[in-house]
Amino acid sequence: MSRLQTRFDELKQQNRAALVTFITAGDPDYATSLAILKGLPAAGADVIELGMPFTDPMADGPAIQLANIRALAAKQDLAKTLRMVREFRQDNGTTPIVLMGYFNPIHKMGVERFLAEAVDAGVDGLIVVDLPPEHNEDLCDPAQAAGIDFIRLTTPTTDDKRLPTVLNGSSGFVYYVSVAGVTGAGSATLEHVEEAVARLRRHTDLPVAIGFGIRTPEQAAAIAKRADGVVVGSALIDKIASAESSEQAVEGVLGLCRELSEGLRSARG
Amino acid sequence: MTSLRNGPDAKGLFGHFGGQYVAETLMPLIHELAAEYEKAKQDPEFAKELAYFQRDYVGRPSPLYFAERLTEHCGGAKIYLKREELNHTGAHKINNCIGQILLAKRMGKQRIIAETGAGMHGVATATVAARFGMQCVIYMGTTDIDRQQANVFRMKLLGAEVIPVTAGTGTLKDAMNEALRDWVTNVHNTFYLIGTVAGPHPYPAMVRDFQAVIGKETRDQLHAQEGRLPDSLVACIGGGSNAMGLFHPFLDEQSVKIIGVEAAGHGIETGQHAASLNGGVPGVLHGNRTFLLQNEDGQIIDAHSISAGLDYPGIGPEHAWLHDIGRVEYTSITDKEALAAFHQCCRLEGIIPALESSHALAEVFKRAPGLPKDHLMVVNLSGRGDKDMQTVMHHFDEQEEHI
């Protein structure tokens with residue numbers, strides 16, 4: 001059984017939602033980013049999304065754009081991101097790691113080589129923003145053949161007619177982007193989230209995680225009552241942006257992570 | 001022989017290039033756009049409306065002009081200029097804008113967004129948006145805003161909002177990222193009017209079709225003047241829309257040699273250029289798989305060209321394919337060579353060409369002298385140079401020494 005499936009099964013038994021945290025690998029530098037990554041599970045992160053930096057993050061808002069710029073300026077590249085996962089796995093064998101980003105760096109490394117190294121490093125899943133199901137043969141199919149989950153984004157514009165196409169070949173969990181927009185943008189209403197989760201459940205048995213615009217423990221708790229997972233990214237990254245030292249960045253991110261985790265654990269009473 | 005004019009396939013691919021590499025939020029819109037465009041293509045009313053605006057608003061057909069003095073100067077091939085710079089707004093860009101705005105109208109969209117580099121596409125978009133009473137937002141990099149201030153003012157005069165993009169190097173690619181971000185945020189009412197033969201399917205094919213009027217007219221006009229096909233075609237390439245418009249109707253004519261000219265900037269060997277085919281490798285950006293300027297890690301490298309309109313690290317996927325199969329020869333011209341050609345054209349023909357088109361002219365100066373006098377060469381004079389006065393003034397003294 002995959003780490004993702006094991007984790008979501010455990011949480012279901014505990015009757016709580018997963019806290020899914022996003023950080024960009026190498027932001028603001030390799031050492032700080034690795035320290036944050038290693039600290040996230042103890043701070044309450046159940047699943048970790050690790051951003052692969054790219055010069056042109058077309059679907060991201062200002063916070064994650066800047067995180068990409070900081071990471072690239074600190075010479076982060078795809079090989080180093082894979083090395084970070086490998087180092088993380090030295091003392092954590094259970095927290096799932098999902099690499100998230102854009103296709104070009106993977107394309108440049110070569111899909112076969114990337115997948116071999118990702119499996120070896122201990123990567124559990126992939127979210128590639130600019131690879132819709134129309135291009136499954138590019139990465140989704142070979143990734144799943146290699147045992148890596150391919151997590152699909154579904155959005156408010158993904159209608160009932162299109163949902164089966166999008167979910168076909170999805171595995172791990174389904175990421176519902178609750179607002180049409182870029183990361184870090186305004187949040188959706190709870191009614192909208194409820195409807196969306198209900199609609200997704202009619203089409204899939206996979207866990208549903210909700211993301212985009214969730215920033216506070218209160219928001220996270222409200223979403224946790226309605227979905228299997230809550231994704232927080234830009235709010236954590238803002239802690240790195242505003243930190244004056246490496247220690248502050250680590251403590252800022254992990255501190256917010258602990259608060260979010262508290263919120264989630266109390267959500268379903 | 002199978003036709004080279006049938007692409008793309010149902011998935012939007014030209015060979016291995018093209019496709020629909022965009023975020024899920026945009027996929028339903030792109031499918032809707034493709035379906036709506038297919039319907040419009042079959043609709044005689046749409047064709048009629050398009051023809052009307054091409055003639056009475058854009059000013060088509062544009063002349064195919066025998067450049068006698070240029071021809072004499074080169075002493076070889078007989079050179080014809082396809083005068084796209086005489087179109088309303090001063091470049092070929094409006095051919096595509098008028099087509100897409102009619103499509104936007106059909107789809108009931110009220111808000112138009114676009115990216116622009118040199119500002120010519122921004123001006124053309126602002127123009128048609130004004131004509132059809134639609135809200136218009138143009139994304140433009142801050143570097144480009146600095147070197148194309150007159151065009152920024154023109155867009156504002158036409159009622160558009162120009163949003164400066166500071167990300168990256170503040171050029172065309174960054175403007176396109178920001179336009180895509182706007183589009184995912186405002187999907188319900190917004191039509192993204194892409195200015196070149198790039199982006200996700202159906203844009204490369206759709207923009208090509210709207211620009212193909214250039215090649216179709218050229219074919220008829222040259223037939224009327226010379227009674228035959230041209231021997232060669234030359235056009236500059238940034239994203240590649242003016243070139244594709246000229247080339248496409250001739251792709252199946254094996255006797256016609258086709259030459260696309262990329263911007264070599266300071267020289268391909270310096271790394272500071274915009275020649276995606278001559279200096280890049282395949283990758284995925286802005287919705288399509290094509291040749292890109294990128295580093296070992298797949299990070300996009302900023303392009304450089306003296307002409308803002310060619311300053312883009314990618315190229316339309318159909319060009320990538322035509323390069324791959326060898327149907328079109330892609331060459332490159334440096335900033336310096338383009339400037340020299342710019343001056344020659346001003347003085348020999350009394351035509352001030354855009355710096356973009358000057359790249360094509362520079363290639364003509366290289367090739368025409370060695371060709372026989374009965375060789376018919378058509379160059380796409382894709383835009384006029386009024387917008388480039390600032391840039392050229394800056395280089396004028398230095399350039400004077402070269403001519």
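How many residues does the contact take from chain B and from chain A?

1. The model under review is predicted. In it, the contact draws on 35 residues of chain B and 36 residues of chain A. Together the two chains bury about 2800 Å² between them, and 53% of this area lies on carbon and sulfur atoms.

2. On the side of chain B, the residues that lose the most area to chain A are Tyr21(B), Glu24(B) and Arg181(B), which together account for 24% of what that side buries.

3. Polar pairing across the interface deserves attention. Between chain B and chain A, 23 residue pairs are in polar contact, and 4 salt bridges are found across the interface. Glu24(B) forms a salt bridge with Arg162(A), with the closest N and O atoms 2.7 Å apart.

4. As to secondary structure, the elements of chain B that give two or more residues to the side touching chain A are strand S2 (17–21), helix H1 (27–42), helix H8 (172–185), strand S11 (281–285) and strand S12 (287–292). The largest share of that side comes from H8(B), with 7 residues.

5. A separate point concerns the surface of chain B. Phe153(B), Leu157(B) and Leu158(B) form a nonpolar surface patch, and their accessible area together is about 320 Å². Phe153(B) belongs to helix H7 of chain B, which covers residues 149–157.

6. Is Phe153(B) buried or exposed? Phe153(B) counts as exposed because its relative accessibility is 56%, and the cut-off for exposed is over 50%.

Note on methods:
Residues numbered from 1 in each chain as written. Chains lettered and ligands numbered in written order. Predicted model: local features only at pLDDT ≥ 70, side-chain atom pairs only at ≥ 80, totals over all residues. Heavy atoms only, no water. Patch = residues over 30% accessible without salt bridge, like charges linked within 9 Å, V, L, I, M, F, W, Y side chains within 5 Å. Areas by Shrake-Rupley, 256 points an atom, 1.4 Å probe, with all protein chains shown as cover. Salt bridge = Lys/Arg side-chain N within 4 Å of Asp/Glu carboxyl O. Helix = DSSP H or I, 4+ residues; strand = E, 2+ residues; numbered from the N terminus. Buried < 20%, exposed > 50% of the residue type's maximum accessible area, 1.4 Å probe, protein only. Contact = heavy atoms within 4.5 Å. Buried area = accessible area lost by both parts, 1.4 Å probe. Polar contact = N/O pair within 3.5 Å; in protein donor to acceptor, adjacent residues only side chain to side chain.
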